[in-house]
Each structure stands twice: as structure tokens, then as C-alpha cells.
Amino acid sequence: MSKYRKMSRPLGDKISIADGELTVPDQPVIPFIEGDGIGPDIWTAARRVLDAAVELAYGRAKRIQWFEIFAGEKAFHQYGEYLPDDTLTAIRDCSVAIKGPLTTPIGGGFRSLNVTLRQELDLYACIRPVRHFPGVPSPMLHPEKVDIVIFRENTEDVYAGIEWPAFSPGAKQMMDFLKQTFDISLRSDSGIGIKPMSATGSKRLVRRAIQYAIDERLPSVTLVHKGNILKYTEGAFRDWGYAVAQQEFEDDTIAEREVDAQVGAGKIIIKDRIADAMFQQLLLRPEDYSVLAMPNLNGDYFSDAAAAQVGGLGMAPGANIGDEAAVFEATHGSAPRYAGQDKVNPSSLILSGVMMLRHIGWRAAADLIVKGIEKSIVAGTVTYDLARQMQGAKLVKCSEFANEIVRHMKLMFPENRHAHS
Ligand code: NAD
């Protein structure tokens with residue numbers, strides 16, 4: 001019997017995961033969610049670029065078998081619900097998926113579809129690479145010095161959703177409990193939220209960040225925390241992070257405090273920074289940082305601030321990764337104002353596709369797309385969001401921007417020769 005209620009998986013092989021290692025066939029089935037609002041525009045553009053890059057890089061040897069799955073408004077039309085079980089089944093079944101932005105349904109009983117998706121699939125690491133593309137307008141004098149990857153914990157912290165409004169019975173009960181048990185008095189008109197952070201949640205996030213630095217040969221991992229004040233949550237995050245490095249990656253890492261001229265050469269340096277100081281460091285000495293690992297709330301603030309330094313969210317890709325599945329997604333929303341106008345910048349989703357290709361080991365195709373985007377922007381052919389800030393730019397539509405990327409990629413393959421992964 002099919003696992004699916006209303007759809008069936010296309011022919012092709014599945015990506016599988018065993019002991020954290022991915023096995024990727026040459027024609028993997030990869031589910032995609034088109035998304036709401038501008039989703040169809042940017043997905044069409046992204047798919048065209050991804051398929052072209054894979055074909056240029058590998059000829060007929062590799063190809064993605066796309067598998068449409070549904071969430072958001074399209075799902076509501078097909079299934080009468082915004083996040084059907086079929087969608088979760090497909091992502092679990094195929095291990096890797098990509099999605100466009102989803103409009104948060106109003107009154108649908110969801111905090112957000114994205115949050116639900118992350119919780120259901122336990123996608124505990126939110127990964128946001130932030131780098132500058134030459135030519136993209138930025139408020140910084142040297143935006144090219146920013147080249148970092150943020151690992152944000154996705155499941156704990158004040159985002160756990162454990163909170164009670166002021167004057168509610170829940171808040172009153174909590175206050176009574178605190179008074180009776182610990183003799184702690186709060187103002188009677190307080191709202192209350194809980195900030196849980198566990199060793200399990202912190203360690204698995206830092207483990208992934210260190211492994212990423214090893215795989216990508218990056219020089220450091222920085223734990224960003226507010227442990228000077230929040231000792232048993234954020235301070236513990238720092239301590240658990242150092243413990244993972246020392247206990248599980250002893251040969252590959254060294255704590256910054258132990259580094260001297262001789263010891264530590266070639267090892268990944270584990271640093272820690274207090275969150276507010278880290279915001280200054282990102283502005284003043286961004287070149288000193290590569291991988292950053294941080295709890296949920298710090299990561300929320302930090303990823304958007306970092307993206308703004310290099311030209312905004314339209315260019316920022318993202319991924320949500322767990323032990324069973326990885327979902328790659330544009331970091332911006334569904335911008336309903338621009339839906340169906342073939343107008344917006346598809347780079348965020350295309351670059352999320354680049355992350356996906358790297359995740360499955362198809363690096364030749366990923367590198368090709370990055371070069372194609374770089375060349376399109378340097379040539380000044382850009383969508384409205386960049387064109388309005390760049391002198392002498394040629395304004396192109398969303399689909400035309402994708403065509404430009406493909407054209408530049410083809411120019412890098414004059415005889416259509418094939419690279420190998
Ligand atoms: P938004 O990111 O959709 O849009 C804000 C503004 O950013 C737009 O009006 C536009 O000016 C600009 N923008 C966004 N994407 C762009 C692109 N690709 N190219 C050029 N300009 C772009 O944020 P919003 O208006 O607050 O949210 C709209 C809906 O999206 C809401 O329902 C929200 O809940 C949802 N949302 C979804 C996600 C997600 O799926 N990951 C993320 C954020 C918001």
C-alpha cells in the first residue's frame with residue numbers, strides 16, 4: 001500500500017541517510033514545495049538554474065527527479081489543510097527537500113507553517129551562510145570581508161513557546177509556584193516565558209557546526225552566547241559547546257585560550273564571544289570569523305543583521321537540517337504584493353539550491369551556479385531590488401535573471417565539456 005494519501009513518488013531512487021552519512025543516487029528524487037505568493041515565480045527560476053547547472057556539470061550522468069509536494073495555500077486547495085501528512089511523509093522518505101516561502105495562514109491554528117515543519121521533522125539546525133556578492137549594494141565599506149556561516153539552534157530557548165500572558169490563570173499559577181517553592185516574588189502583572197536549553201539540544205547543534213568546519217576546511221567555530229548574565233542556559237551552551245569539541249573532535253580542534261604560536265597550527269580554533277560583543281565584531285573584524293554556533297534567539301537577530309551587512313535578505317539562503325531530513329529554503333517570506341509579477345529576486349532560493357547541491361555532494365554544479373550569479377550581478381543585469389540601488393544597472397525580470405545565470409554558466413562551458421564531482 002502506498003505511504004501517500006493523494007500522491008505517488010516519481011520513478012527514481014531515494015537519497016538515504018545511515019549514521020549521519022548520505023547515500024545519493026545519480027537520479028535522486030527530491031521533493032519541492034513551490035510556496036505561496038512569489039513562490040511560483042522564484043521556484044520556476046530556481047529549478048531552471050539548478051537543472052541547467054547539473055546538466056552542464058555532469059551531462060547525462062546525473063539528474064534530479066523533482067517531486068512536487070504541497071504546503072500552504074496550494075495544499076489547502078488540494079487537501080483542505082495547510083500541511084498535509086503526505087508532505088511530511090515525502091520529506092522523511094526522501095531525506096532532502098527544497099521549499100519556497102509560505103504565507104502564514106491567519107486563524108489556521110498555526111504559529112507558522114515553517115515552525116511546524118521544523119518541529120515535526122526535528123530540523124534542529126538552521127544554517128545561514130552570509131557572504132557578499134561583488135556589485136551588490138551594501139552599507140559597509142568592505143562587505144567582502146563577511147564570509148560566515150551561522151548555525152542557529154532551532155528547537156529550544158525562548159522559542160519553545162512555553163509562555164503565559166499577564167493576568168492569565170497560567171501566569172498566576174506559575175507565580176504561586178515560584179513564591180511557594182523558591183520564595184521568589186514577581187510583579188503581579190507579569191507575563192511569563194520559559195527559556196529551556198538542554199545539553200542534548202546544544203551539543204547536537206555545535207557538533208554539526210564543527211563537522212561543517214571540518215568538511216569545508218574552515219578555520220574557526222565561535223560559540224555566541226550571553227553566558228555572562230544567563231549562566232545556566234547560555235553559559236551552559238558555551239560550556240557544552242567546548243565539551244563537544246574536546247570530547248568528540250579532540251584531534252581536529254583547539255580552544256582559543258590554548259592556542260600559541262606552535263600549538264594549534266592547522267586545527268580548527270574554538271572561540272566564544274558574548275552576543276553583544278559579537279555584533280560589534282561582525283562590524284569591526286568580520287574577517288576573524290567563519291562558522292558561528294548560537295542559541296535560537298541570538299541566531300534570529302544575528303542572521304538578519306549579518307544578511308543586511310552584505311545586501312539584504314533577497315540574497316540570503318538557508319537550510320533547516322536534522323538527523324533524518326534537510327529542508328533548504330529561501331529566507332524571505334512570500335511577499336504577496338509581488339506575486340505573479342515575475343519581478344522579484346530569485347537568488348535566495350537559487351542559493352538555497354546551491355546549499356542543497358553541496359549537501360548531496362554535487363559540488364561542481366553548485367560552484368557553477370555561484371559563478372553564474374556572480375557574473376550576472378557584476379554585468380549589472382539584476383532584478384528591481386538591486387537595480388534601484390545600483391548605478392547603470394539593467395533591470396531584468398525574475399525569469400530573465402535566471403536566464404542570465406544560465407547564459408553565463410554556458411559561457412563557462414564553451415564546448416559543453418563535463419566536469420566531475
Ligand atoms: P516578506 O519577506 O515576504 O516581504 C517583505 C518585503 O521584502 C517585500 O515586500 C519585498 O519588498 C521584499 N522581498 C522579499 N523577498 C524578496 C525577493 N525575493 N526579491 C526582492 N524583494 C523581496 O515578509 P512579510 O511581508 O513580512 O511576510 C509575508 C508572508 O510570508 C507572511 O505570511 C509571513 O508569515 C511569511 N513568511 C514566510 C517565511 C518562510 O516561508 N520562510 C519567512 C518570512 C515570512
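Reader: Does F182 count as buried or exposed, and at what relative accessibility?

Author: Buried means under 20% relative accessible area, exposed over 50%, and partly exposed in between (1.4 Å probe, protein chains only). F182 has 52% relative accessibility, so F182 counts as exposed. This is a predicted model: local features need pLDDT of at least 70, side-chain atom pairs count only at pLDDT 80 or more, and totals for chains, interfaces and linings use all residues. Residues are numbered from 1 along each chain as its sequence is written, and side-chain values use heavy atoms, with hydrogens and water left out.

Reader: Where is the place of F182?

Author: Helices (H or I, at least four residues) and strands (E, at least two) are DSSP runs, numbered from the N terminus. F182 lies in helix α5, residues 169-182.

Reader: How should I read a salt bridge, and how many does the structure hold?

Author: Side chains of opposite charge can pair when their charged atoms come close. The cut-off is a side-chain nitrogen of Lys or Arg within 4 Å of a carboxyl oxygen of Asp or Glu. The structure holds 26 salt bridges.

Reader: With which residues does K195 form a salt bridge?

Author: One is D157, with the closest N and O atoms 2.6 Å apart. That pair links distant parts of the chain, 38 residues apart: K195 is in the loop between β9 (192-193) and α6 (199-215), and D157 in the loop between β7 (147-153) and β8 (163-164). Another is E234, where the closest N and O atoms are 2.8 Å apart. E234 belongs to helix α7 (residues 234-248), 39 residues from K195.

Reader: Which of these count as buried and which as partly exposed?

Author: K195 is partly exposed, with a relative accessible area of 22%. D157, at 0%, counts as buried, and E234, at 2%, also counts as buried.

Reader: How many residues surround the ligand?

Author: A residue is near a molecule if one of its heavy atoms lies within 4 Å of it. Here 21 residues surround the ligand, and the closest are T104, N114, G333, A335 and N345.
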